[in-house]
Every structure is written in structure tokens, then in C-alpha cells.
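Let's take a walk through this one, from domains out to chain contacts. Have the viewer open as you read.

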Amino acid sequence: MSDITKKRPPAVQILIFGVLALWMILAAFPFLWTLWGSFKVEGDFFSKADWFYALSGTLTQNETGSSFTADGYEGAWIKEEFWRAALNSVLVCIFVVTISLTFGTLGGYALARSTYRYAFWFLIAALIFRAMPPITLVSGYLPVFFGWNLWGHLATCIIVLVAINQPFTLWMLHSFFKNIPQDLDESAMVDGCTRFQAFRHVIIPVMWPGVITTGLFSFLLAYNDFAVTAMILSKENQTMVPKIASFLGTTQTKGNVMFAVAAVVSATAPLFVMVMVFQRQIVSGLTAGAVKG
Amino acid sequence: MFLKTIITAATVALSTSAAFAACTIDSGRLNIIGNEFPAIQTVAKNATSCEGIEAEANLTADHQKINLAGMQGNPAEYTSAILANSSIVALINEDVLRPLDDLVAKHGQDIPKHQLITVDGKVMAVAFMANAQHLVYRGDILEKIGVEPPKTYEELLAAAKMIREQGIIENPVGGAYQAGWNLAQEFVNMYLGHGGEFYKPGTAEVAINNEKGVATLNMMKALSEYMNPDFLTHDSNATSAEWEAGNVALMNMWGSRTGRLMDAEGSTPEVYNNTKVSAPMTVGGGNHPASTLWWDGWTVAKNISDKDAEATFLAMKHGTSSAILNDETMGQAVWMIDGYKPAPVNAGVFSAIDMQTTPYPMLPYQGLLHTVLGDNIADFMQGKESAEQTLSDIEAAYTAAAREKGYLK
Amino acid sequence: MKHKAFFLFVLPSSVAMLLFIFFPIISVVVQSFYVSHEQVIVTVENCGPFGCKQATAIDQEATAALREAEPLGKFAGLATYRDRNHLAVDAVGSAWEKADNWRDFGAQMLNLPFYKALGFTLTFTFVVTPLVIIFGFVIAVAVNSAASAIRGPLIFFSLLPMMITPLIGSLILFWMVDARGIIGSALQYLAGNPDLSVKASTPLMWIMLMVYGVWHAAPFAFIVYYAGLQTVNKDTLEASRIDGANRWEQIRYVIIPHLLPLTTFIALMQLMDNFRVFEPIVSFAANAHATSLSWAIYNDLGGETRQLSSAAATSVLTIIGVAILLSPVLVRTWRDFGRK
């Protein structure tokens, strides 16, 4: 795309820059504010007296003797052992993403290639499934999980998250697969491949942008889910978000709110790494094959 | 006064005895489900420390969504639920709690009688802490305007008016008026203060659409005139934060929260040194405080083996024995445990007990009414509809909900 | 594609969805047709630390027999759907007869919990969905035009609104829009009104919830579009440029048609998610000003006494609502399908 960049007139250049700058402020400001505030005490972070305290750290100075404090981080990671929750989150994310994508690419591919009406109705059914509010689903699971002793385990949580996310994954991958020209796999099948071989050798190599994007959403879902994880994981299997919620609690014990803030800030770090890795994948995977084929 | 007397008497009696023995139980299983505030953390920590049993605890703000399902299985996942007088009803309704009479007879002779919660003569729970809402005020500000701490809501309104007119604080009254559970709780307080009855006697038919209901709503609205305009979004946490920021001089607040307001963290000395507590207020010339008394207690699940029930009983008994009290835990709650020494910060709750404040109603259908109150009062508070309209909406919504749950035909 | 191959390909997904979504939906639908048994209530004496009191309780023995006989409860047909807390058939009927004009009728309808929730839910859905699509597209095009060296950080920051758990994200924003928070203060300054408070005003609360909705969901549309832009056929783009298409025409005639299937997808997902709007209402404590259908379910399940049938009925109504809402998009997909 570099050739396009060169030819871009200044007016367009300024417009693009303006849009990006505005969006960056909107998107990043609350996060940067949180990052800054995570080194303050609660009285400053949620300053009811004057919002300027959050910048100057007046109470932080009074209570800790300096304008910055790492108490929140120390409390979360060392005292409350947030790393356990982080570890659980890693497990849940890896499994949810892998299983979701495996199920989803198979299903999504079939749905994009089938010309029969039932494929359409399958998609519609998946959509209707997704319309169900998760709270209702989870409260329906509880008696069964408790009854069959499935409650509290990471495996249960993983499979539930995969299932709940399946309609989304199917739809998304189905949309992406439809963008991949049919002749690609059909010519492979003419050459003697079975359907699965065509899928594996021809489609998989060109579908990365779609799969990675879908994977990103599966990841975000598993990483950020609260409705399911809070209700069906036992204390020792808790992932990060319910753990953060437990810092907050209903009665917000002093200092614990800042544990939550520090934990949230730390939880975004791996995402940063991940995005850096995958944006390369998206851009470079772009497809020599998918488009020209 | 009786609770305090019992407590002080017991302190003397027990200080010499060997109440601090470690806890060992032969075998069995303990799994606690409960809320997550510090006092319950302490209880769970001590109960699960018992040796010889498999012990776990799940303390979470979502406990009410899990506890029923977690006790309905057979065997139940949770062998004990920690509950309050409002939340125990949902579990009694579904018959998942074990009557404790036999276990009390066998192992619990030393549990003081006043801690036992009985329903229809059967012991269903053992209470370990008390709570109530009462007046919290800023001593320095009341001194400045030259009034005594208010004893009635009418006096509170007069004081608030003076504080505003003298330009000390623009919105001097605080309160947990967040639409939903908190707002409903304030209605319950104020309605009881007006001497109201929620139901026609002996039935589930709601009876709040009357003059007392209207007076209750009007008083709540009058108070809200002196509150931060965002009051419908302020829960107890937000109200406490307002207090610590020095934006509020008078409020009706939970006794369990006052410790946090009076400590040196999160506020300036001007605020925390002048934070004082007092008895709950009365309203409309009534002599009953416009507040409710609460207890928190533990229960034992029905669908577990006798051995597990026995182990649970013993462990929970240990978790709420005087062995758990030390300098750190003493201030976490108004404990009903022998050996507890009340601090000045707890004076509000003790006054509430002395004044014979009504306990929060332990009725099968009170939870429905509470939810409905929380959904409907906000419209009135915002001036969107009349008090009569709000009360009749509440009646209609409650009736529909109670029909669905089988309380009304 | 052959039937057998299709079946094998979709098998894993189907099993997962059947077990964890389809069966629960069936049980919810069944539940919504039943209500609890009539409760046998007796007067008892309850004692506790604060003395004894006459109260009522459920007679467990009498109720146990009823439970045994009909484990699902009492069959009620559509009674739960028709009652005042849901479709309120009778109340709507009487409002229709009594109301003098449309305005009056509307006001009476909005006093009923279901229609009040529906009002906000629909407004939210129809305002937020198009805005998310437009913003997402604009951002995607802008990021795609940026130098590739800074795209990584751009993508990361763009994802943040969706990434930070709403638990904390909304807590922070909730403080920021407070009358004394940084955004709240800025708004007061801009409006020149020192008493302005977002949290105290219904219209401002609605606007804030929608702004939050767009802010929170725009990254979703952005990332889907961004991935889609990577697959735009460069030859076609080149050809259109040689034919003299300007930048706007390239977007209009090459990129937008290429992204159309993705737009259908985003629209479907966003319509559905926005129709189920719930988290911001709880996090912003906005329920005094705005309620939604999902919030109503949460409220039924979260109270001290859980109203399962009521929650089930609202859930079924939500699904029906989503189906109606999506039907235009579905008809389009159906036609696309035929064309293949």
C-alpha cells in the first residue's frame, strides 16, 4: 500500500490524521488515565473532592509520603496472589481459542460452501441460539452442573464458553470463507483431493486473516467473560475478571479497589504483546492466495 | 440492652476459660458459600482451619445466585451457607436447610440462646453478627450551626436547611438511595418508622398503598432535596466516598461501614476526627426508629450426610467462637460472640438494638416486595409521577410477581 | 457440498450448541409456561437475637406433596406472558380505552415495566448499531492508510475500549462523568452550567449510555473491517484507479461492496448485542433512568426471591424480539444464499 501513500493529497492526509488522532484520544484516554491512577491511592483515583487530586496525588502524598505508590500492584500480585488467576486465564484462553477455532473453521467452511437450504437454516438457528441472554443460560446450567458435580472446574467453563461463542465464531468465519473464491478448493477437488484435504491444504493456508481475527474475538471473550466465569468457577479456579470483581466486592474494603485497578492495568499488558504479534500476521498473511487465486 | 449485658457478662466469664483451643474434627466435609465482606472472611478462615476435615469456602458477592443451586443437589456442594435475615428466607422456602435442633442438643449447648434463629420452633441458623442503619454526623458542622445531633428525620431536615443556608455545604444529606435494593431498603426503614404494616395480617396481600406509604415517600423526597442530585446512583460505597470527601454532614448509614469512615485512610483529619455516630432516627412523631435490625448467621445444608452435617456444625461453631476475636477482627463487625468488646464506633448499632428497632421482616414474600419497591420508587423520586401512582404501581407489580410464585391466587 | 461431508464438518459445533444452548433454551421455554405451586402459608413464631415475632412461613410438608406431584410447578399457559410485569395485556387494554390521546396512551404504556424496558432497548439498538458500523468503518480505513510501522500500536489502542473489563472500565467512566469528575467538569464548563449532572438527568443518562455503547463496540466493527480490508483485491483497486476513479469512488465502488458480507455480519451481531444491552445499565447504576429487557431478567434472577418463570418469559420475549429485529437482514442473507 506504500504506493498509495505516496500519491495521497495533503487534504486526505490531514483528514486521516485527524480521524486517527481523535480516535486515539477517545480510545486510549480512559486507559492512560487508569494507568496513571493505578499508582495513586483510592482517595485520589476516585477523587470526590476535586478531580485535580488525581493528577497531583495529594492524598497519596499524605498517606504514603510520595506522589506515586505501587501498593495496588503489590497487593494484587503478592498479597492476593493474582498470578494464580492469571494462570487460570491463560489456560482458559488457550483452550477456548483452540477449540472454538477448530470447531468454527470446520463448521464455518461447510456452511459457506453448502448450497443446500438447510445450511441457511443452520445459520439462522445458530443466530437464534445467540439471542439467548447469557444470564438466563447460566442460571439454567447451575442446577445441572451442581447435580452432576461438574461445577467449579476449568474444563466445564471452557466448554461452556466455546459453546456460547460458537454461533458468533460460525457466523464470522462463514463470512470470511465466503470471501475466499470457490474455484480454489473446487479445483483442488477436481485434482483428486477429498473435501477435507482441499480444506486442509488449500483453504487453511489462505484463511489466516479471518481466523486470526475470529481467534482474537474468542480470546477477548474468554479473557473478559464475567457472566459465566463468575458463576461456575470455584475460588481456586477463578480467572482474572472474577478475581478483579472479588477485589471490588459489594463492600469495597479499603485499598482493595486499587488492587482491582492495578490488576486491570497489568491484565492489558499481554494483550499488547499479542496484538503486536498478530497484527503482523494479519498484514503479512494478506494473502497472496486468497485474492489472486 | 439485653445483648450488651449478655456480652459483657460473658466476656468476664470466658476470659479465664480455655476457649482458644485449636479445632480438630474426626472427619467430614465443609464447604461454605457466603458474601465476601471482612467479617465473613474471618469466620470462613477460622472455620476452614479446622483439622481433620475437607474444608473449602466460596465467598463472593454473587453468593445469592449460587447458593440455592449449590444446596439443591444431593449431596449438596455447599454444606453451609452464610446468610442474613433477608436472604435466609429464599433457602427456607425451597427447603434446603437442615433444622439444627439435634446438633445444638449434641454439640451446641454452649451456644448462647440469643444467637439461635428459630422458625416455628426449629433452629434454622446461628447468628454471629448484628447490623443496622443509624445516624452518622459531622460533629464540627453541627457545632457550627449550634444544633444537637438530630433524633428525628424532621430535626435532620431542619439541620440540613441551616447547613445549606449558612453556606457550609450545599447538599449536606447523604444516603444510599441508589435505585434498586438500596432505595427499597430506605423505603422499608421509613415505612416501619411511620408504623406501617407491609401486608394484611397473616396473608401475602400487600398493604402499602395508604397514608403512611405516601408520608414515607414524601419524607424520602424531602430528604433527597438536600442530597447530591445524583443520589439515585449512590449505593453505600458511593455514599461513603462522598462522606470521606467531606461533601456530606448527615446521613443514615450501615453500622458495619462506620469503622471505615472513622479511620485515617482515604480522608482528611477534619472529616474523620469529626465523624460521629448516633442512634437511628424516628419519623413522623412515631417512637419506633426508621431503621431495621439485621443479623448474619450460618446454616447447615439439608442434602448432606449426617457426618458432614456434624463436621460442618462443629467447624462453623469454631469459626464463630470467641477464638476468632483479636485486635484485627474485633472492629470488623458488631459480633454477637462472647468476648466481643464494643467500640465507640458500634454505638449506633447498640442504640438501634436498645430502641427495639424492628428486625427486617423474615417473610417468604418480602424479597419480592423489596425488588418491586426498588424498581418503582425512582419514578416518584424524580418527580415523574405522584406518590399514589407509585404505590399503586408497586401493588400491581408485586401482585403479579406473588401470583407467579404462588403466594397469591 | 455433499450431505455427509457437511454433516461431519458441522458436527462438533452442533453438539456443543445443542448441549449448552439448545437444551437450556427448551427448558427455559417450558419454564415460562409454568408458575410455582400455590404455597401453603402458615403463621409461625420466629425468634432471633432481637426477640420473637409472629410471622408467616411456607408449610414445607404440605408443599412437599405438591412438589412431588408436579415437579415443574403449575401449568399456567401464557399467564406469565400476559401479566402486568410482561406484556400486560389487560393494562394495555384499559390504557387504550381510558387514554384521551396518543400522548396519554404512550405515558401509560411507559409506566409498565416491559414497555419501559422495550422503549429504551429499541432506542439504544437503533441509535448505536448504525453508529458503530460507521465509526468502525471510518477508523478501519484510517488505520489501514497509516504507515505500517505504527499500525500495531494503533490496533492495540483501538481495541482498548472493548478490552478493559467493563467492571473497571465503567467504574472509571462512571467516576469521570460524575459532576466532579474530569468529563463531568468539562461538560459543565462547555455547557456553562455548574449544576449540570449527567447522572441526575434521564435524557443525559440515555445519551451517555449510547455514547458508551458506541465507544465500547466500535473496536469490534473496526477490527472486522480492518481484516476485511486486507483481502480487498488490489488488482481491482488498481484497475479502477487506471479507469480514473478518485479516492471516494474507489471506496464507494470497490471497497464497500467488498465489505458488504462483513457489514451484514456486523449488523447482525450488533443488533443482537445491543438488543441485549445490560452491562452499562448495571455499571452506571442507570436503572432509575433506563431499563432494558436483559436488565429485567437480571433483576428477576438477582433478587432475594428469584422469579424464574418471569425471567424465562422475558428471555423468550427477548429471543422473539431479536428474531423480528433481524428478519430484514435475514431475508437479505436468504437471497444471497439463493444466488450462490
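This is a predicted model: local features need pLDDT of at least 70, side-chain atom pairs count only at pLDDT 80 or more; totals for chains, interfaces and linings use all residues.

Start with chain A, where the domain assignment gives domain 1 (1-36), domain 2 (38-69) and domain 3 (76-292). Take the centres of domain 2 and domain 3 of chain A over C-alpha atoms, and you'll find 38 Å between them. The two do touch: four residues of domain 2 of chain A are in contact with six residues of domain 3 of chain A. On the domain 2 side of that contact, the classes come out as two nonpolar, one polar and one charged.

Helix 8 (residues 117-131) of chain A and helix 1 (residues 3-32) of chain C have axes that come within 10 Å and cross at roughly 30 degrees. Angles under 35 degrees count as roughly parallel, so that's what we call this pair. The crossing of these two helices is left-handed. Who meets whom? From helix 8 of chain A come A:Ala119, A:Phe122, A:Ala126 and A:Phe129, and their partners in helix 1 of chain C include C:Phe6, C:Met17 and C:Phe22. By class, this helix contact has ten nonpolar residues, with no polar and no charged ones.

Chain B is the other neighbour to check. Its contact with chain A takes 26 residues from chain B and 22 residues from chain A. On the chain B side, helix 3 (63-72) and helix 10 (236-244) are the elements that give two or more residues. Helix 3 of chain B supplies the largest share, five residues. That side of chain B divides into seven nonpolar, eleven polar and eight charged residues.

Key
Residues are numbered from 1 along each chain as its sequence is written. Chains are lettered from A and ligands numbered from 1 in the order in which they are written. Axes are lines fitted to C-alpha atoms, for helices over the stretch in contact, and angles run from 0 to 180 degrees between N-to-C directions. Helices (H or I, at least four residues) and strands (E, at least two) are DSSP runs, numbered from the N terminus. Angles under 35 degrees count as roughly parallel, over 145 as roughly antiparallel, 65 to 115 as roughly perpendicular and the rest as oblique. A crossing is left-handed if the near helix is turned anticlockwise from the far one by less than a right angle, and right-handed if clockwise. Two residues are in contact if their C-beta atoms, placed from the backbone, lie within 7 Å. Ala, Val, Leu, Ile, Met, Phe, Trp, Tyr, Cys and Pro count as nonpolar, Asp, Glu, Lys and Arg as charged, and the others, Gly among them, as polar. Domain bounds come from an automatic or database domain assignment.
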